[in-house]
Amino acid sequence: MLVDSFGRVATDLRVSLTDRCNLRCSYCMPPEGLDWLPKPELLTADEICRLVAIGVERLGITEVRYTGGEPLLRRELVEIVGRAAALRPRPRLSITSNGIGLARLAEPLAAAGLDRVNISLDTLDRDTFVRLAHRDRLEDVLAGLAAADAAGLRPVKVNSVLMRGVNDHETVPLLRFCLERGYELRFIEQMPLDAQHGWRREDMVTADEILGTLTRAFALTPDDPAARGSAPAEVFLVDGGPARVGVIGSVTRPFCGACDRVRLTADGQIRNCLFATEESDLRGAMRAGASDDELAERWVAAVRGKRAGHGIDDAGFLQPARPMSAIGG
């Protein structure tokens, strides 16, 4: 198994399929975009599927989430999902996406074996969307959400990042929107993972602030804390349930002690933490002829060195050189 020195077991694999994205969200990258990874540096579909198979069949991975950048931009996505769904034991499969293009791909992905989706939606206002994402694509995102629900990719989870003075007035409207449609909303504290390295704590809307705003409009009661396990979100029943809302306090309420995640970047690097400053190269070893056993050993060693926490509050904290789009959520 993928066990670190603190006894945490990694069973949740996040696989970045590309660092490219068709939005330019200000908490992730600059309006002009970034220098994308050259295609020869990206893992091929066969390489991705091989590494996922090693993780599932040899190392105890039970859940695989495909991320980016924007995973829907990966041309072989349906094939990659289908090959993972054929593994035994079968992992639970999901994607984290901005939803653009999902109106077309939701049914093929469901047929291939995708179980559910997480879709980013930070605002319901078109002008604010353009301000945040530097693209006029709100209607495409909403269409993607509806298509995912219609295709049975449930629960449809919505991820929202609130930014002070930009969209923090939409806390309640976003939850009402999701409640009306049966989506599960997760508010996420803004993290220091932007390419511009412009994150400032004072601009971040905290978990306490989010909950304070929500409790003025809804009755929130904590869901069963024992059911949370290693999930990053604190979940609350809304007005007695069954509807729920989650808050992911990555910065102010870290959940590192129960973390079960490990990440594979689009260029084949293992990261044992979202905020890791070191990586372990599987692509180079694989292309040099390493066996499955040798790749598994490298992976085990990479996870063993995982630190106790992300250290954002430490005086010596250094933001990772890679932004979120190049790491994969």
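**Exercise 1.** Which residues in H1 meet which residues in H2?

Solution. Before starting, note that this is a predicted model, in which local features need pLDDT of at least 70 and side-chain atom pairs count only at pLDDT 80 or more, while totals for chains, interfaces and linings use all residues. Residues are numbered from 1 along each chain as its sequence is written, and side-chain values use heavy atoms, with hydrogens and water left out.

Step one is the contact list, where contact means heavy atoms within 4.5 Å: Ala-45, Asp-46, Ile-48, Cys-49 and Val-52 in H1 meet Glu-79, Ile-80, Arg-83 and Ala-84 in H2. Sorted by class, the residues of this contact of H1 with H2 are six nonpolar, no polar and three charged (Ala, Val, Leu, Ile, Met, Phe, Trp, Tyr, Cys and Pro count as nonpolar, Asp, Glu, Lys and Arg as charged, and the others, Gly among them, as polar).

Step two is the geometry. Helices (H or I, at least four residues) and strands (E, at least two) are DSSP runs, numbered from the N terminus, and axes are lines fitted to C-alpha atoms, for helices over the stretch in contact, with angles running from 0 to 180 degrees between N-to-C directions. The axes of H1 (residues 45–59) and H2 (residues 77–85) come within 10 Å and cross at roughly 25°, which makes H1 roughly parallel to H2 (angles under 35 degrees count as roughly parallel, over 145 as roughly antiparallel, 65 to 115 as roughly perpendicular and the rest as oblique).

**Exercise 2.** At roughly what angle do the axes of H1 and H9 cross?

Solution. The axes of H1 and H9 (residues 292–304) come within 10 Å and cross at roughly 75°, and therefore H1 and H9 are roughly perpendicular to each other. The contact brings Arg-50, Leu-51, Ile-54, Gly-55, Arg-58 and Leu-59 of H1 to Asp-292, Asp-293, Leu-295, Ala-296, Trp-299 and Val-300 of H9. By class, the contact of H1 with H9 has seven nonpolar, one polar and four charged residues.

**Exercise 3.** Which residues in H6 meet which residues in H7?

Solution. From H6 come Thr-171, Val-172 and Leu-175, which meet Ile-210, Thr-213 and Leu-214 in H7; this contact of H6 with H7 divides into four nonpolar, two polar and no charged residues. The axes of H6 (residues 171–181) and H7 (residues 207–215) come within 9 Å, crossing at roughly 70°, and H6 and H7 are therefore roughly perpendicular to each other.

**Exercise 4.** Which residues line the largest cavity?

Solution. On a 1 Å grid over the protein atoms alone, a cavity is a set of points where a 1.4 Å probe fits but cannot get out, and a pocket is an open set with protein on both sides within 12 Å along at least five of seven lines; lining residues have an atom within 4 Å of a point. Grid points are joined across faces, edges and corners, and a volume is the space filled by probe spheres set on the points. The whole structure holds one cavity of 30 Å³ or more, and the largest cavity has a volume of about 50 Å³. Its lining consists of Asp-4, Arg-8, Val-9, Ala-10, Cys-259, Asp-260, Arg-261, Val-262, Val-303 and Lys-306, with five nonpolar, no polar and five charged residues.

**Exercise 5.** Where does Pro-155 lie, and which residue does a cis peptide bond join to Pro-155?

Solution. Pro-155 lies in the loop between helix H5 (138–150) and strand S5 (157–161), and the cis peptide bond joins Arg-154 and Pro-155, with omega about 0°. Another cis peptide bond runs from Gly-241 to Pro-242, with omega near 5°, and Pro-242 lies in the loop between strand S8 (234–238) and strand S9 (244–248).
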